[in-house]
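Please look over the sequence and the model shown below before reading on.

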Amino acid sequence: MHRQGPKLAGLTFEENLSAHVIRAAQIAYILAHLEGANPETTACIILFHDNGELRIGDQNKVSARYLDTHQAELQALKEQLGQLPTELANKIIWYYQESENRKTKEGVVAKDAD
């Protein structure tokens, strides 16, 4: 899936979601080391933060003003995780929610990397 933000900004290259997640997770891991956060947790936040977008689409800043993208992405993520053991699903949901809420140092660093 191609990301819509760069296109809306007038950039000519098309970035896909998987390339974005891999690059952002690597940046998150490195930044976490430099900032004294847990690198593995920070990278995991990035690895799962856009999973819901695969079902609802990448909403740019303009279209997102009219939608509750957080709730839609969370619902999509929960459906994606429906067959996993509860403990594992809850851990991945925590990663997603931390990417949105940024209540830990890892969440803040992950958002910077994103």
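Two residues are in contact when they have heavy atoms within 4.5 Å of each other. By that criterion, residues 24 or more positions apart account for 57% of the contacts in the protein with a separation of 6 or more. This is a predicted model, in which local features need pLDDT of at least 70 and side-chain atom pairs count only at pLDDT 80 or more, while totals for chains, interfaces and linings use all residues. Residues are numbered from 1 along each chain as its sequence is written, and side-chain values use heavy atoms, with hydrogens and water left out.

**Overall make-up**
- The protein has 8 helices and 0 strands, where helices (H or I, at least four residues) and strands (E, at least two) are DSSP runs numbered from the N terminus.
- Of the 114 residues in the protein, 34% are buried, and buried means under 20% relative accessible area, exposed over 50% and partly exposed in between, with a 1.4 Å probe and protein chains only.

**Nonpolar cores**
- A nonpolar core is a set of buried Ala, Val, Leu, Ile, Met, Phe, Trp, Tyr and Cys residues joined through side-chain atoms within 4.5 Å.
- The largest one has 8 residues, namely A24, A25, A28, I45, I46, Y95, A110 and A113.
- At least two residues of this core come from each of α2 (17–35), α3 (39–49) and α8 (105–113), and α2 gives the largest share, with 3 residues.
- Y95 touches T41, C44, I45 and F48, if residues up to four places away in sequence are not counted.
- A second, separate core has 7 residues, including L81, A89, I92 and Y96.

**The pair α3 and α8**
- The axes of α3 and α8, which are lines fitted to C-alpha atoms over the stretch in contact, with angles from 0 to 180 degrees between N-to-C directions, come within 9 Å and cross at roughly 55°.
- α3 is therefore oblique to α8, since angles under 35 degrees count as roughly parallel, over 145 as roughly antiparallel, 65 to 115 as roughly perpendicular and the rest as oblique.
- On the α3 side the contact is made by T41, T42, I45 and I46, and on the α8 side by E106, G107, V109 and A110.

**The loop residue T104**
- T104 lies in the loop between α7 (86–101) and α8, and T104 is partly exposed, with a relative accessible area of 25%.
- Apart from its neighbours within four places in sequence, T104 is in contact with W94 and E98.
- The C-alpha atoms of T104 and T42 are separated by 9.7 Å, although these residues are 62 residues apart along the chain.
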